[in-house]
Amino acid sequence: MSRYVLPVSVFGTVVGAAVLLKSHVTGGRCPSNATIAGKTVVITGANKGIGKETAQELAKRGGRVIMGCRDMEKCEAAAKEIRGKTLNPHVYACRLDLASMKSIQEFAEKIKREEQRVDVLINNAGVMRCPAWKTEDGFDMQFGVNHLGHFLLTNLLLEKLKESAPSRVINLASLAHIVGKMDFEDLNWEKKKFDTKQAYCQSKLANVLFTRELAKRLQGTGVTVNAVHPGVVATELGRHTGLHQSQFSSSVLSPFFSLLVKSPELGAQPSVYLAVSEEMEGVTGRYYDVMTEKEPAPQALDEEAAHRLWEVSSRLVGLEETGQSGKSNPPAGGEHEAAQTDPAQTHGQSPGPAVSAVGL
C-alpha cells in the first residue's frame, strides 16, 4: 500500500497547484455587488465571448444595455437570450461595424438621438492576427477596428458621456502591448511587409496610449477612462493564430494551456469590475491586468507618442478638433481609399471556437 502513497501524493500536489495557479491567473469574479439600475451601458462586440458575458452581467445588475454588433442576427439572438436569463427587458441590439466609419457615425447618432444618457462605454470588440485585410475606409483591419474605430466612437459619444457624469470609458487592451511599437510612418502597413502579430501588438499599444491621452483631456469632466487586459480567455478572437490546429499542439499543449485559460464569463469580470466597482470612482488613466492595477510597458507611458497618436488618429477618421469635439467628417481619400473587401471576411467569420491569445 505504501508504494502508492508517493505517486498519489505527487498527483494530489500537482492537481492542487494547478487549481491554485488557474485561480490566480483568472482573477476570480468581480468583488463588487453594486447594481446599476437607471444607468445605460454601451458595449461593442457584445454578441459573443467576453462582450456577451459582460452584457449579461451588467443586465443582471439592472443596467440598460446597448449591444453594438456587426452581425445583427447574432446580436438579436444574444440580446434575446440575455433578456430571458436576466429578466431585464432593457437589453437592445444595434448595428455597429467598427470597420466602417459610416457605420460608427450612424451608431453614434442613434445613441445620441435615442438615449437620454450613456454612463458606461465599454470598447470591447476586436480582431486579432488576421490576414492583411483592410477596413471599408482602407485602414489596416487590426489598427482600424481595435483602435481607430473605438477612437472615433468614443469621441462621438463624449458629449453624452459628459452630460451623464460621473461616467466611465473602458478600453479592452492586452498584455501584448508590451511588445508593440508605434510606426507613425506606416501605421497601416502600406510600405513594409505585413506582420500580423506586430499589427495586433501595435493596435493594443494604441489602446493604452489612447486611454492615457483621453484621461488627460477629460480631467475635470467627471468622465474616467481606463484600459484593461482581461487575461487569456477561451473565445473566437484567436481563431487566426493557428493555435491547436496541429495534432501536437492539440494533444500535448492543450492540457497545459487550459490551466491558464478562463471562460468568457470569468473573462468578463475585469470589465464588469471597472464598470461598476465603487473603488473605481474617480480613478482614471490607469492600466489593469485583470483586476489589479499595473504599470504598462514603457512605450505606453510615452506622453509625446500618446499626443501624436491622438492627432494622427483624429486626422485619419476625419474628426474636427475643436477642444473635445464630437463632430466627424468622412476620412480623407488618397492613400486610405477604401479597399474592396468582403464584409464577412473582414472579421474572419470562420467557424469553431479558438483560444484567445489576448494575454500572450
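1. A friendly place to start is helices α4 and α5: their axes make an angle of about 25°, and they are therefore roughly parallel to each other (angles under 35 degrees count as such). Helices here are DSSP runs of H or I with at least four residues, and strands are E runs of at least two, numbered from the N terminus. Please keep in mind that this is a predicted model, where local features need pLDDT of at least 70 and side-chain atom pairs count only at pLDDT 80 or more, while totals for chains, interfaces and linings use all residues. Residues are numbered from 1 along each chain as its sequence is written, and side-chain values use heavy atoms, with hydrogens and water left out.

2. Staying with this pair, the axes of α4 (residues 101–114) and α5 lie 10 Å apart; axes are lines fitted to C-alpha atoms over the stretch in contact, with angles from 0 to 180 degrees between N-to-C directions. M101, I104, Q105, F107, A108 and K112 of α4 meet G149, L152, L153 and L156 of α5, contact meaning heavy atoms within 4.5 Å. By class, this contact has 7 nonpolar, 2 polar and 1 charged residues. Ala, Val, Leu, Ile, Met, Phe, Trp, Tyr, Cys and Pro count as nonpolar, Asp, Glu, Lys and Arg as charged, and the others, Gly among them, as polar.

3. Next, α5 and α7: their axes come within 7 Å and cross at roughly 20°, so these two helices are also roughly parallel to each other. Among the contact residues are N146, H150 and F151 of α5 and K204, N207 and F210 of α7. The contact divides into 7 nonpolar, 9 polar and 1 charged.

4. On its way to α11 (residues 303–317), α7 packs at an angle of about 90°, with the axes 9 Å apart. That makes α7 roughly perpendicular to α11 (65 to 115 degrees). The residues of this contact divide into 7 nonpolar, 1 polar and 4 charged.

5. Finally, the cavities. The whole structure holds 2 of 30 Å³ or more, a cavity being a set of points on a 1 Å grid over the protein atoms alone where a 1.4 Å probe fits but cannot get out. α7 (196–217) gives the largest share, 3 residues, and α5 (141–156) and β5 (167–172) each supply at least two.

How values were computed
1 Å grid on protein atoms, 1.4 Å probe; cavity = no way out; pocket = protein on both sides within 12 Å on 5 of 7 lines; lining within 4 Å. Points joined across faces, edges and corners; volume = space filled by probe spheres on them. Parallel < 35°, antiparallel > 145°, perpendicular 65-115°, else oblique.
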